[in-house]
Amino acid sequence: MLLATAAVVLAALAGCGTQDTAEHGSRGAVKAADPVRPAATKRQAPPGLPGMPPVLDPKDVYAADRPGKLSPVVKDFPSRVYVPNTESDTVTVIDPKTYMVLETIPVGHQPQHVVPSWDMKTLWVNNNRGHTLTPIDPKTGKAGRPVDVHDPYNLYFTPDGKYAVVMASLDRQLVFRDPHTMKVKHTEPVSCYGVNHADFSPDGRYFIVSCEFSGELLKVDTARMKVVAQQKLPFQGAMPQDVKISPDGKKFYVADMMADGMWVLDGDTFSKPVLLPTGKGTHGLYVSRDSKEMYVSNRGEGTVSVFDFGQNRLTKKWKLPGGGSPDMGGVSADGTTLWLSGRYDAEVYAIDTRTGAQVARIPVGRGPHGLAVYPQPGRYSLGHTGIFR
């Protein structure tokens with residue numbers, strides 16, 4: 001808003017016959033008789049993707065995600081944990097207060113993730129090999145009629161709410177669709193294998209995508225719907241997974257289950273990533289409600305590492321009693337519980353974020369994967385299991 005106001009003021013000054021003091025400094029007024037010529041100044045880029053709600057705090061992209069800060073859209077939705085069971089073709093619904101299973105919903109073949117829509121009114125179940133999306137109404141918990149969508153491994157939404165972006169992993173495509181009807185608007189072929197997870201820059205103008213099976217990263221121009229850069233991770237056999245941006249928007253973190261750590265890079269320059277070891281089978285990345293820490297699930301060793309953004313280092317490691325395979329999930333609305341699926345153990349873990357203690361271990365279907373905690377704070381969803389801004 002400030003930049004937009006500044007642009008209006010500068011335009012008015014140019015019309016009044018004064019030079020742009022912001023770009024060149026004060027040089028005095030131009031004489032009335034002098035011809036007025038367009039100032040040879042560098043055009044300022046717009047503050048963000050057109051139509052995108054601006055971030056609340058330029059120093060923290062997660063400022064809208066504070067404990068209990070629920071949008072009016074979702075404030076009356078019952079609190080639930082939705083668990084897609086990839087090998088059982090079901091979604092398990094859990095009451096997070098009692099830790100009891102309330103319902104098991106049949107869905108399509110190989111459900112991978114449960115994804116909140118941009119407007120937060122619908123949960124989409126990604127039936128990867130069934131080639132459908134099953135909508136769930138989070139107000140009633142009822143599943144609707146499946147929508148035909150080919151190869152929906154994962155699902156994101158552009159920050160302006162204009163497009164859904166289907167990560168068509170085996171089709172090797174990013175498919176931009178209408179966010180409501182899921183009709184195809186643009187298909188962007190990719191040369192990497194296994195497009196997987198993503199996150200967006202603070203201004204929404206680009207997003208970084210992980211390619212699981214070829215160990216690569218993509219940079220995609222949001223408005224143009226085009227891949228603009230690509231790089232191979234500097235690790236033999238790299239297998240990148242979840243992607244998250246730092247609260248200040250200066251760094252991207254990419255979990256790598258074969259490199260056993262997080263890659264850290266500058267998204268603007270798309271710099272060469274540096275590896276930060278976290279644990280065996282690094283998989284999911286989840287930011288705390290106060291934006292101070294990030295929880296890192298290490299699927300191969302049954303642990304969760306805690307990364308401190310301010311200190312730029314790992315400060316803790318929590319071990320699940322009896323082991324486990326912590327995979328994908330999310331943080332409760334009040335920030336006190338981290339929920340993770342146990343991918344190889346047909347179970348779900350509830351972990352106290354204040355102590356790291358396991359507070360519940362709940363049996364679910366086979367192959368639980370992209371678990372969604374819902375509702376969560378925020379104004380709109382960027383997709384996956386819940387990236388809110």
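One disulfide turns up when the whole structure is searched, a disulfide being a pair of cysteine sulfur atoms within 2.5 Å. Its partners are cysteine 192 and cysteine 211, with 2.1 Å from S to S. Cysteine 192 sits in the loop between strand E12 (184–189) and strand E13 (195–200), and cysteine 211 belongs to strand E14 (residues 206–211), so the bond ties together parts 19 residues apart in sequence. The link of cysteine 192 and cysteine 211 is left-handed, with -50 degrees about the S-S bond. Cysteine 192 and cysteine 211 are both buried (buried means under 20% relative accessible area, exposed over 50%, partly exposed in between, with a 1.4 Å probe and protein chains only).

The model is predicted: local features need pLDDT of at least 70, side-chain atom pairs count only at pLDDT 80 or more, and totals for chains, interfaces and linings use all residues. Residues are numbered from 1 along each chain as its sequence is written, and side-chain values use heavy atoms, leaving out hydrogens and water.

Serine 71 lies in the loop between helix H2 (21–24) and strand E1 (80–85). Because its relative accessibility is 10%, serine 71 counts as buried. Leaving aside residues up to four places away in sequence, serine 71 touches Met120 and Gly378, where contact means heavy atoms within 4.5 Å.

The chain as a whole has two helices and 29 strands; these are DSSP runs numbered from the N terminus, helices (H or I) of at least four residues and strands (E) of at least two. Of its 389 residues, 55% are buried.
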